[in-house]
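Work through the exercises below with the sequence and structure in view. Each task is followed by a worked solution.

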Amino acid sequence: MLLLTSGIASAQGAENPLDGITPNLDVFGGALNDVWARVVAGIWAAFLAASGINLIAALYKIRKARAGGYQSELSDSMDSAKTAAVAFGAIAAAGVIMGAILFVVNGS
């Protein structure tokens, strides 16, 4: 009965406790900052290389299907090449994409 008569809750008086705080790894020291940056760069490079190999393999499948005259296989290969090209582009532009997301979120 109390819940039905209490009305709508208001959050006007609540303040954001994280207002003005930004993520910063300097508290753990410069060595950690160097290490995690190298690890992320290595992982990014590995994904980029794997995606590039996948794109090259998809393009080779298209060439093989065209040379053999296999129309159904050509259609499947084209779809796989499009997907591989989009994945390669997204991985290559990951830094720009993350920068844009952080810019929008920070409102700067």
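**Exercise 1.** What covers the buried residues of α2?

Solution. The model is a predicted one. Start with the helix itself: α2 runs over residues 30-68, which makes 39 residues. Next, pick out its buried positions. These are Ser 51, Gly 52, Leu 55, Ala 58, Ile 62 and Ala 65. Now look at the cover. It includes α3 (71-92).

**Exercise 2.** At what angle do α2 and α3 pack, and how far apart are their axes? Classify the pair.

Solution. Two numbers describe a packed helix pair: the angle between the axes and the distance between them. For α2 and α3, the angle is about 160 degrees and the axes lie 8 Å apart. Angles over 145 degrees count as roughly antiparallel. Therefore α2 and α3 are roughly antiparallel to each other.

**Exercise 3.** Compare the reach of α2 with its expected span, then inspect the residue just after the helix.

Solution. From first C-alpha to last, α2 reaches 57 Å. Step past the end of α2: Gly 69 has a positive phi of about 75 degrees.

**Exercise 4.** How many helices and strands does the protein chain have, and what share of its residues is buried?

Solution. Count the elements: four helices, zero strands. Along the sequence the pattern reads α-α-α-α. Then take burial: 9% of the 108 residues are buried. Finish with the surface. The accessible area is about 9000 Å², with 68% belonging to carbon and sulfur atoms.

Key. Residues are numbered from 1 along each chain as its sequence is written. This is a predicted model: local features need pLDDT of at least 70, side-chain atom pairs count only at pLDDT 80 or more; totals for chains, interfaces and linings use all residues. Side-chain values use heavy atoms; hydrogens and water are left out. Helices (H or I, at least four residues) and strands (E, at least two) are DSSP runs, numbered from the N terminus. The expected span of a helix is 1.5 Å times one less than its number of residues. Buried means under 20% relative accessible area, exposed over 50%, partly exposed in between (1.4 Å probe, protein chains only). Contact means heavy atoms within 4.5 Å. Accessible areas come from the Shrake-Rupley method with a 1.4 Å probe; for residues, only the protein chains shown count as cover. Axes are lines fitted to C-alpha atoms, for helices over the stretch in contact, and angles run from 0 to 180 degrees between N-to-C directions. Angles under 35 degrees count as roughly parallel, over 145 as roughly antiparallel, 65 to 115 as roughly perpendicular and the rest as oblique.
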